[in-house]
Amino acid sequence: MRSDQPIVVGLARHDGRARSTRSALLRLVPAVLLLYLAVLSGPRAGAQEGDAATPAPLAVAGDVLTTLVAAPPDAPAIYAVGSAGLYRSDDGGLAWHRAGPLPPPGRVVAALDDPVLLLAGSYPPCARTGGNERPLYRSDDGGATWQEVEGATGIAPLAAWNGSDLAVGASCAGLLISTDGGRQWQRSSLVPADYLVSVFAPLAGGDPSKPLGLVIGTSEGGTSRVWRLDLSDPAHPTASDPLLRFWGGGAAAGDGDRYLVGTATGVFVSDDAGVTWRQSRTGLEDVTVSVDPFGTPVPDAERRRGFGISAVALDPVDAGHLWAGTVGGLYDSSDGGGTWHRVGDVTTPVNGLVVAPKGGLLLVQTPHTVVTVPLAA
């Protein structure tokens, strides 16, 4: 995986455009969040990439796929990045063809309703002065060609909808919204200014003309909160009150009224659109922390072996079937998140998940490759 090609889910990257007061507030990012990121991506004992138990990596004409582009279960196409190009599958990950050259550096997103539109961009750490702000790029032909967006730098795209010309992004200025397909961006106050946007997870199963999504923002002290964004009227988007509070970074997914949030302390599940939550780490003890970090330091042994959940996913067919991509591999639950079990073939860290019912596959992004796991055990 290229070092400048971040994962689609997880903590967002940040540019250097923030005002001086915000830079001071977020200087070097909170130590607790840095700790979470370090242990999430740090080495672990056990199986390594290439072990016999690890599924064979996906490759197209010899080019190993390394990075997934986020896609909902009903996506008409799935994209993935290799070392030499951008690739597309129209049958749920079973067959792949070259869509275009290697995308520009940064996070790549495809429009959720029409994947002919793609955006690519990133931003350097907020507190760093004189950072090199990369431009944002657009593709209107499915990644065959890319054009630099004039005047748009230091923006990490998070989601897009081609039919409504709507896009969501993030920078040190906070949450950004575009109503012209990613050409111009405006700062949104839907997420408080002292929370860095780390995740936007579109809610599946709804009307694509009325987009909804879950946003995770993290404060200077390492406290994260989840909001639901309603983007049905792009000119007047709204946000819920905070639905959940937790420590450190996290991952989110949603389908209808079922929400799933992975955290350092376990997985939270809501079946009523975030009104109530139940938490479980049963079976996830080896990849989560055993204490409440708000009041108790993380034990040294747990810091050394690593912890963290960087991706979560829901089965669109079986409501009780869930997945969690962790620092210690892939886990699934068949009882709605009550208990978790390691998916034995994937024991390396998991950075991204794409559910592809059309092909009967779960696409799994590990540190160096993309592998597949059957949806049905």
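Student: How do S10 and S11 pair, and over how many bridges?
Tutor: In this predicted model, strand S10 (residues 156–161) pairs with S11 in the antiparallel sense, and five bridges link the two. As one example of residues facing each other across this pair, Ala 156 stands opposite Ala 170 in S11.

Student: What sits between S10 and S11 in their hairpin?
Tutor: Four residues lie between the two strands of that hairpin, and in the turn Asp 165 has a positive phi of about 55°.

Student: Is S11 enclosed or open, and why?
Tutor: Strand S11 (residues 166–171) is largely enclosed by the rest of the structure, because six of its six residues are buried.

Student: Which way do the S11 residues point?
Tutor: Leu 166, Val 168 and Ala 170 point one way, while Ala 167, Gly 169 and Ser 171 point the other way, and all of them are buried. In a regular strand, side chains alternate between the two faces of the sheet.

Student: Switching topic, what is the order of the five strands in the open sheet?
Tutor: The order is S1-S2-S3-S4-S5, with antiparallel pairing, and the edge strands, S1 (59–60) and S5 (97–100), each pair on one side only.

Student: How many bridges join S3 to S4?
Tutor: Four bridges join strand S3 (residues 78–82) to strand S4 (residues 86–89), and the bridge partner of Tyr 79 in S4 is Arg 88.

Methods
Residues numbered from 1 in each chain as written. Predicted model: local features only at pLDDT ≥ 70, side-chain atom pairs only at ≥ 80, totals over all residues. Heavy atoms only, no water. Pairing = 2+ DSSP bridges. Buried < 20%, exposed > 50% of the residue type's maximum accessible area, 1.4 Å probe, protein only.
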